Amino acid sequence: MRIAVIGTGYVGLVTGACLAGFGNRVTCVDVDEEKIRGLQEGTVPFYEPGLGDVILSNQRAGRLAFTTALPEAVRDARVCFITVGTPSDVDGSADLQYVLEVAEQIGAALEGPSVVVTKSTVPVGTADRVRHCVARALEARGAGIPFSVASNPEFLREGAAVADFLHPDRVVVGADAPEAEETLRELYSFLPQEKVLFMDIRSAEMTKYAANALLATKISFMNEMARICELVDADVEKVRLGIGSDGRIGYAFISPGCGYGGSCFPKDVRALRHTALQKGYSPRILQAVEDVNEAQKHVLFQKILRHFGGELGGRVLALWGLSFKPNTSDLREASSLVLIQDLLGAGASLRLHDPVALEEARRLLGNRPGLAFLTDHYEALEGADGLVLVTEWDLYKQPDFRLVGQKLREKAVFDGRNQYSGPELRRRGFAYYAIGRP
Ligand SMILES: NC(=O)c1ccc[n+]([C@@H]2O[C@H](COP(=O)([O-])OP(=O)(O)OC[C@H]3O[C@@H](n4cnc5c(N)ncnc54)[C@H](O)[C@@H]3O)[C@@H](O)[C@H]2O)c1
Ligand SMILES: O=c1ccn([C@@H]2O[C@H](COP(=O)(O)OP(=O)(O)O[C@H]3O[C@H](CO)[C@@H](O)[C@H](O)[C@H]3O)[C@@H](O)[C@H]2O)c(=O)[nH]1
């Protein structure tokens, strides 16, 4: 099948490369010329385990191409996937300008029947707007080309994107035309039939927001439990095991920490809240999920401040892990950025390390006074008054604490992801602080 994928971010690249792997002829389009040039030369624009290999093998086999020329890619595509960004607008709503712009361009370029599929995360009703944009552009050319629209929200996680795409828990397709349903059924025939859930378009669009909102709710709930645990001298990690073992609750997404970040949960919870408010309903749970998360991003800072008697001027701290979660270079809405602002604002100097996000951090944060970027995580500890773990990369899971103690000026560990053993560290002479643990 000929497929066009418009937008070569995490979703577009993974979708395009994986679908090419099933023998489809895929062209990926982006407006970012540098990105496309890099992809044509085999450079993946971000860190995503396994993605480079899938891209390269399909590119070499002639099934996957990259271009900035949308019309050529779209012209004879049986399926056009829209995978551009839908960032938060100032009022919290999803900014649909890129999605609608692409829909218009598809309408201006189509030469044969096609299914236009929204894979970006978009508010309920967007497929209707996409349909309208495509139809208007076709009409403007006087072209009576038949097309249909569908919603196929994506559920992959960064850091595990290829595996998630190839082995999803489910694929959701919202379609209201038989040809759209048939085409997408054929496209996803690499999955067991029962994994592909067909429904009406609006329900499919809503499913994506409901899934992310529920996952974010689990995290905020657990962060709230951690706050209460601290007040009553209970250990949230024991509580986590105790409740996760209940099959009705499960272990997934109940790890407390320094707040959820990334390009999805924060913006999608905001967008869903905005949709509800627009319709006259004030969503109290979503509001609480956001409030708890915002507060949680400052919890580690408060522990650090308290440890140093309320004064951080002249203090140096080493930060391990900057990306919003392990196995990605993505820093969008990362908790580390809030903590860095808090610490710099209080007069501390920071020695930053991340296995892959260091360059992106340098680009974002610039060479401000008080910031040092270190490529070795032990070197980051040198002369620091404490180690702060923000993102739980594997590299940080079993550090040599003898070495950590030697490098640090003051033996203090602030563990934002509950990775270390308090009793063991205290035995070794460290002051140890975690989230929701005595
Ligand atoms: N990142 C994820 O893990 C993930 C997972 C599921 C769903 N989503 C959703 O998928 C969508 C895309 O997310 P992402 O993280 O892949 O985005 P991204 O920001 O990584 O990439 C978007 C790409 O679209 C390109 N683009 C913008 N306007 C364009 C245009 N007019 N024509 C062609 N290309 C254009 C940009 O240059 C950019 O390369 C969002 O709606 C997001 O919420 C993301
Ligand atoms: O128990 C947990 C699990 C996650 N997190 C945090 O939650 C954020 C998001 O993590 P994760 O969901 O693994 O990453 P994303 O790549 O943002 O994926 C989410 O957002 C995507 C975009 O919509 C969806 O496709 C995925 O299904 C959904 O998991 C990160 O900051 C994590 O540190 C926690 O604090 N505790």
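The model is predicted, with pLDDT of at least 70 needed for local features and 80 or more for side-chain atom pairs, while totals for chains, interfaces and linings use all residues. Residues are numbered from 1 along each chain as its sequence is written, and chains are lettered from A and ligands numbered from 1 in the order in which they are written.

Next I asked which residues come nearest to ligand 1: they are G7, G9, V11, S120 and T121, out of 26 around it (near means a C-beta atom, placed from the backbone, within 6 Å). Helix 1 (10-20) and helix 5 (97-109) are the elements giving two or more residues to that shell (helices are DSSP runs of H or I, at least four residues, and strands of E, at least two, numbered from the N terminus).

Then I turned to strand 5 (residues 114-118), where five of five residues are buried (20 or more other C-beta atoms within 10 Å of a residue's own, all placed from the backbone). S114, V116 and T118 cover one side, V115 and V117 the other.

I also checked its neighbours. Strand 4 (residues 79-82) runs parallel to strand 5 through four bridges, with F81 opposite V117. Strand 6 (residues 147-151) is also parallel to strand 5, joined by five bridges, and S148 partners V115.

Technical notes: Buried ≥ 20, exposed ≤ 12 C-beta atoms within 10 Å, placed from the backbone. Pairing = 2+ DSSP bridges.
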